[in-house]
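Morning, everyone. Please bring the model up on your screens.

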Amino acid sequence: MTRTNLSRCSELTAVLAVLALLFAAVAPAAAVSVQETDVPDSGEVDSQVTATVTLTQLYDTYETWQLAGETELQDVTWTVTFLNQAGNQVRQESFDGRNFSGATVDIGEGTAEVRVRVTGTVPAVESYSYEPQQSFTLFALDQTREGGTSNELANRSATHYTSESREAREAMGSARTAIDAAGNPDTAEESFDSAVNAYEAGNFDNAVTLAERAGTEANQAESSQQRTQLILYGVAGLVVLGVLAGAVVLFLRSRGDGYDKLG
């Protein structure tokens with residue numbers, strides 16, 4: 001290898017080394033792992049729900065840090081349990097209220113996992129939305145450090161409903177299925193849009209009535225389409241029979257003419 005080639009290889013190696021250092025500097029540190037063991041997707045207003053998550057890989061970034069959490073549940077209790085490698089409890093802390101902070105995670109205590117359980121009452125719905133369905137923050141967890149450093153670990157939402165709003169959504173879901181199956185007829189779509197407006201205004205009885213009307217209109221449209229198709233099939237069948245009959249007549253005539261000439 002020539003001196004020029006050696007020089008170029010050295011320069012390339014130096015460039016690659018610099019790029020590797022830059023990548024290491026900007027690459028994000030591995031995050032704390034969040035395992036959801038019991039996290040509901042929805043809850044009825046004024047009912048009590050519980051969500052539980054387990055945090056692992058606790059020290060990929062810091063050997064000591066604080067855990068903070070918040071939720072939109074009401075009458076809230078947080079239970080934070082610290083476990084060692086064997087799964088035995090190191091200690092446990094409890095907090096009341098929608099927000100908590102200061103739960104220290106320290107490698108010196110031998111903590112390998114942190115289990116967070118939040119229990120509270122599902123809040124009332126402030127504003128109804130059909131798509132997407134209205135939701136609230138079930139829990140949010142942050143990794144914090146002295147000096148203001150904060151990293152979000154998890155943020156989970158859940159939908160909430162009343163028995164009346166759930167009934168309306170079920171009726172609208174059935175109507176939506178019927179409308180799609182019928183090919184989205186305009187009349188049914190208009191009734192469905194009215195049902196959505198009623199739902200989002202909190203008028204659930206009217207939403208159910210309009211949704212049922214939309215479903216009926218969709219079924220009627222689909223039945224009409226099926227009748228039209230049957231009629232078309234019948235007409236097509238008659239045409240085919242007519243063509244076949246004409247062909248048979250022509251065939252028989254041609255056979256008869258041939259027979260006479262031979263005679």
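First, a term. A cavity here is a set of grid points where a 1.4 Å probe fits but cannot get out. Keep in mind that this is a predicted model.

So what is the volume of the largest cavity? About 30 Å³. With a threshold of 30 Å³ or more, the count comes to one cavity.

The lining consists of Ala 51, Val 53, Trp 78, Val 116, Val 118, Phe 139 and Leu 141. By class, the cavity lining has seven nonpolar residues, no polar ones and no charged ones.

Now the largest pocket. Its volume is about 180 Å³. Around the pocket you will find Glu 72, Gln 74 and Arg 98, among others. The lining also includes the run Pro 123, Ala 124, Val 125, Glu 126 and Ser 127. Then come Gln 134, Ser 135, Phe 136 and His 160.

On to the helices. Two packed helices are described by the angle between their axes and the distance between the axes. Take helix H2, residues 163–181, and helix H3, residues 186–200. The angle between them is about 165°, and their axes lie 11 Å apart. Parallel or antiparallel? Angles over 145 degrees count as roughly antiparallel, so H2 and H3 are roughly antiparallel to each other. The crossing of H2 past H3 is left-handed.

Which residues meet there? From H2, we have Ser 165, Ala 168, Arg 169, Met 172, Ala 175, Arg 176 and Ile 179. From H3, the partners are Ala 188, Glu 189, Phe 192, Ala 195, Val 196 and Tyr 199. By class, this contact has nine nonpolar residues, one polar and three charged.

Last, two backbone details. Glu 131 and Pro 132 are joined by a cis peptide bond, with omega at about 0°. Pro 132 sits in the loop between S8 and S9. Then there is Gln 57. Its phi is near 50°, a positive value in a residue other than glycine. Where is Gln 57? In the loop between S3 and strand S4, which spans 64–70.

That's my tour. Over to you.

Definitions and conventions: Residues are numbered from 1 along each chain as its sequence is written. This is a predicted model: local features need pLDDT of at least 70, side-chain atom pairs count only at pLDDT 80 or more; totals for chains, interfaces and linings use all residues. Side-chain values use heavy atoms; hydrogens and water are left out. On a 1 Å grid over the protein atoms alone, a cavity is a set of points where a 1.4 Å probe fits but cannot get out, and a pocket is an open set with protein on both sides within 12 Å along at least five of seven lines; lining residues have an atom within 4 Å of a point. Grid points are joined across faces, edges and corners, and a volume is the space filled by probe spheres set on the points. Ala, Val, Leu, Ile, Met, Phe, Trp, Tyr, Cys and Pro count as nonpolar, Asp, Glu, Lys and Arg as charged, and the others, Gly among them, as polar. Axes are lines fitted to C-alpha atoms, for helices over the stretch in contact, and angles run from 0 to 180 degrees between N-to-C directions. Helices (H or I, at least four residues) and strands (E, at least two) are DSSP runs, numbered from the N terminus. Angles under 35 degrees count as roughly parallel, over 145 as roughly antiparallel, 65 to 115 as roughly perpendicular and the rest as oblique. A crossing is left-handed if the near helix is turned anticlockwise from the far one by less than a right angle, and right-handed if clockwise. Contact means heavy atoms within 4.5 Å.
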